[in-house]
Amino acid sequence: MNISYRLADIAAQLGGRVLGDAEARISQIATLEKAQANQISFLTNSKYRTQLAGTRAGAVILGEADAEATDLPRIVSDNPYAYFARVSALLNPLPEVRPGVHPSAAVGAGAQIDATASIAAMAVIGEGATIGAFSVIGAGCCIGANAVIGSHARLYPHVVIYHDCVIGDNLIAHSGAVIGSDGFGIAMDEGRWIKIPQIGRVVIGNDVEIGANTTIDRGALDDTVIEDGVKLDNQIQIAHNVRIGAHTAIAGCTGIAGSAVIGRYCLIGGGARILGHLQLADHVEIAAHTLIGKSIREAGSYAAIFPFGKTEDWRRNAVHLRHLDDLVKRVKVLEQELEALKRK
Amino acid sequence: MNISYRLADIAAQLGGRVLGDAEARISQIATLEKAQANQISFLTNSKYRTQLAGTRAGAVILGEADAEATDLPRIVSDNPYAYFARVSALLNPLPEVRPGVHPSAAVGAGAQIDATASIAAMAVIGEGATIGAFSVIGAGCCIGANAVIGSHARLYPHVVIYHDCVIGDNLIAHSGAVIGSDGFGIAMDEGRWIKIPQIGRVVIGNDVEIGANTTIDRGALDDTVIEDGVKLDNQIQIAHNVRIGAHTAIAGCTGIAGSAVIGRYCLIGGGARILGHLQLADHVEIAAHTLIGKSIREAGSYAAIFPFGKTEDWRRNAVHLRHLDDLVKRVKVLEQELEALKRK
Amino acid sequence: MNISYRLADIAAQLGGRVLGDAEARISQIATLEKAQANQISFLTNSKYRTQLAGTRAGAVILGEADAEATDLPRIVSDNPYAYFARVSALLNPLPEVRPGVHPSAAVGAGAQIDATASIAAMAVIGEGATIGAFSVIGAGCCIGANAVIGSHARLYPHVVIYHDCVIGDNLIAHSGAVIGSDGFGIAMDEGRWIKIPQIGRVVIGNDVEIGANTTIDRGALDDTVIEDGVKLDNQIQIAHNVRIGAHTAIAGCTGIAGSAVIGRYCLIGGGARILGHLQLADHVEIAAHTLIGKSIREAGSYAAIFPFGKTEDWRRNAVHLRHLDDLVKRVKVLEQELEALKRK
């Protein structure tokens, strides 16, 4: 990679205030620990200032509070972490893709593929599907009939989008993601499960990222909805008729059961479970590995994790959980008896 | 979609008792809240009667207890939820598929594909594999050598079935499902793991549905077995040599460890974990996010979930779990001392 | 399968001591319960000797302690479980694959595919990728640009490896595994998430096995590293910049958050969660469904599982967890008051 920029160039594009040598030229971004002389690093928290002292980076991004903590050429930003993200994007542009349809791809009748879009090898585009401008459909992706994908999408290999789903602009979807599979809808009838057709769609807003092997089921009757700016990590399961509010971020392995409604700007930790038909307010944070079994009406941070310990300690303590109600009753009896004794 | 039916037509096909205008014509099914005049809705629980009062649906499905709760044209059924499923299937038939093998598919030597089956683009059918009548193999699916798939299967894009697996009729498998991957069999020998070949198969009965990105490992020596009518949601992991009893339904993200035997008509909540070599009786219900660490011999409902709370409350309470055994001992000492005091 | 071996042949290849008829010929391996006369079985634990008494196996593998527990032709080994694994591999060689590139595969410019390697139907090999000697790339696999795969790899259908990842020899990767997807790196800026480019790679050592639908994210700046001999079951999520020490084995559905460092020879149970930036020492064992929220500096076994019970019992007990801190305070008050009473 031969891209390089002077600090002055970067600040001209991204803002921020340059201190020290604005002619310093950098070509990559790296951690304080590993950065070399032609690389820029970043300090997002003053408590890591000791690492700053030892860095061999050629330049550094930092906040106002740390502006004078080094003599290195530097860019001062209100939000050095976001600035780092922007510099990294500048230094690491996505690889160019050639517009057009790879000869091995299969395109169904009536599909509308923008001339600037790129369809990779082995991809299958269903009948009547629409692929927007500058969108990149990776190798082996399958786009269902009449699905609509906006502009500037980037689908890595082996993403599957089922028929009729509608997706906004700037989607990033990683390999193995499945969008629009049938929700888990079954009805028991005389000892057998009957399938409930899943006739809703998945509707996804703009600026959404979906991790590898994440699954989003289509709605049973109405749609499953992922609002603008939602970020989903890997191996998340979103059941039918869920709605995820704008700018909510969900870490890997989380499962959200049917018809749950998640607010905006929520942060959900890895492996969390949200039961069906619940509602979470905006700005709710859920700890990793926590099951949420009731709606949460108030912003804030919620958790439910059994603290780990050495197995023998855990076992000695955990056994009492089966008798906690008895313990509480014993304490109540003690309180009453002690009160009686005191009165004597 | 231009399909429409009179209520009289529906009842003629599916049974049930029509009240009100049997000539009312409906073309889709929808919730009480969203249904329009040309749509039928359903009431499965009397407690939602207020929604019934406000619906704009053209007709409604309901149970005997609610038969007179509306003046709308209606069909009365013993099981309105199952009836709804059947009406939806009537109004939303699966899209027609063309029999035959797409020119881009790769079919191995000796594969037997029924003339009524459909093999989509980019699918790979292994040597000696068998695809039954009216089965639909979606785009990019891979069917291993000598695998057998019965009739009326519907495999969505990117299902993988490994060699030698045997599957009954009416399979539905969603994208990313993997059937027959190697079980996790390793033996430690002088500081290195040796792989234990997984020479069993996966054997699946009739009328099974498998969710997106669900994985079912082949047996180590004997087979992994999924009995008739089992319904598996997305992202479930079934380890080697598990047996799942007929008509059991398992919600998403559940993991079942090796050689566990699950009974018939069990209901397993999302994110549950069943440890290896356990046995669960028929008609066992497991709550979401619950680990089952011992066999369950008796039908019934079982759970183990840490109740969530605000993080500061949770932390204040949870810390005591590491000392629960001490607390129990302290209560015992209190009881003894109080008893001694009372005796004085 | 017509392979068969005399016990003498097996011992000549794999070591061990033959007792009884060394000419006994066996053609498959099976459990004590199911083995037939032409099959060999194994006893790995003396407590199953009663099964040994009833077996119809033609021969058996066992340890020194059980060497005289049967009259059957037998092979005595120090490690009968590992010996069983080796015998099974001998009797169940992998199917032969034809070297060469299937005509339907798409190979990018500059890709280097060893002449002994096999590229199956619909596979896509990126520009500049390297596939080592005797490696088998299954149907529909996608290998990213400039990725390097060593020798003797076996990729089952639909494995995706992103660009620039580097993999040692003897990789086994099951269907749906995704290696090198972007880590979950986002920075909040004025109400919107900005993507942090993930410019690290995934670097995998020799002798690694990766289960079906497991995902391993590429590093944000530095690499994600999987050391030699690591064994990963299905549906595991490995976040960016994780390092997994050599010969660690991880069961299915486990999630490991970003930058966690796992030691060598660890054993991690199914559905466990390891939070980000933690360190686990060598030889740490984690129970299934356990969240690890702090670094573990000492080898040993750790757990955190809420014990399950009948739902009504669980509910009666669990409700007190929200008031455990109060209970502890009440016990403290009781202790103080009782002490005061005793002093009177």
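Where chain A meets chain B, the contact takes 59 residues from chain A and 61 residues from chain B, two residues being in contact if their C-beta atoms, placed from the backbone, lie within 7 Å. Please keep in mind that this is a predicted model, in which local features need pLDDT of at least 70, side-chain atom pairs count only at pLDDT 80 or more, and totals for chains, interfaces and linings use all residues. Residues are numbered from 1 along each chain as its sequence is written, while chains are lettered from A and ligands numbered from 1 in the order in which they are written.

**The side of chain A that touches chain B**

- Elements that each supply at least two residues to this side include strand E21 (178-181), strand E38 (300-303), helix H4 (311-318) and helix H5 (324-343) of chain A; helices (H or I, at least four residues) and strands (E, at least two) are DSSP runs, numbered from the N terminus.
- H5(A) gives the most to this side, with seven residues.
- By class, this side of chain A has 32 nonpolar, 17 polar and ten charged residues. Here Ala, Val, Leu, Ile, Met, Phe, Trp, Tyr, Cys and Pro count as nonpolar, Asp, Glu, Lys and Arg as charged, and the others, Gly among them, as polar.

**The side of chain C that touches chain A**

- In this contact, 59 residues of chain C meet 61 residues of chain A.
- The largest share of the chain C side, seven residues, comes from H5(C).

**Strands that pair across chains**

- E38(A) pairs with strand E39 (residues 309-310) of chain B in the antiparallel sense over two bridges; strands pair if DSSP finds at least two bridges between them.
- Within E39(B), B:Gly309 is the bridge partner of A:Ala303.
- Strand E39 (residues 309-310) of chain A pairs with E38(C), also antiparallel and over two bridges.
- There, C:Ala303 in E38(C) is the bridge partner of A:Gly309.

**How the copies are related**

- Chain C can be laid on chain A with an RMSD of 0.0 Å by a turn of 120° and a 0.0 Å shift along the axis.

**Domains of chain A**

- Chain A is divided into domain 1 (5-91), domain 2 (100-302) and domain 3 (311-343), with bounds from an automatic or database domain assignment.
- Taken over C-alpha atoms, the centres of domain 1 and domain 3 of chain A are separated by 57 Å.

Technical notes. Least-squares fit on C-alpha atoms with pLDDT ≥ 70 in both.
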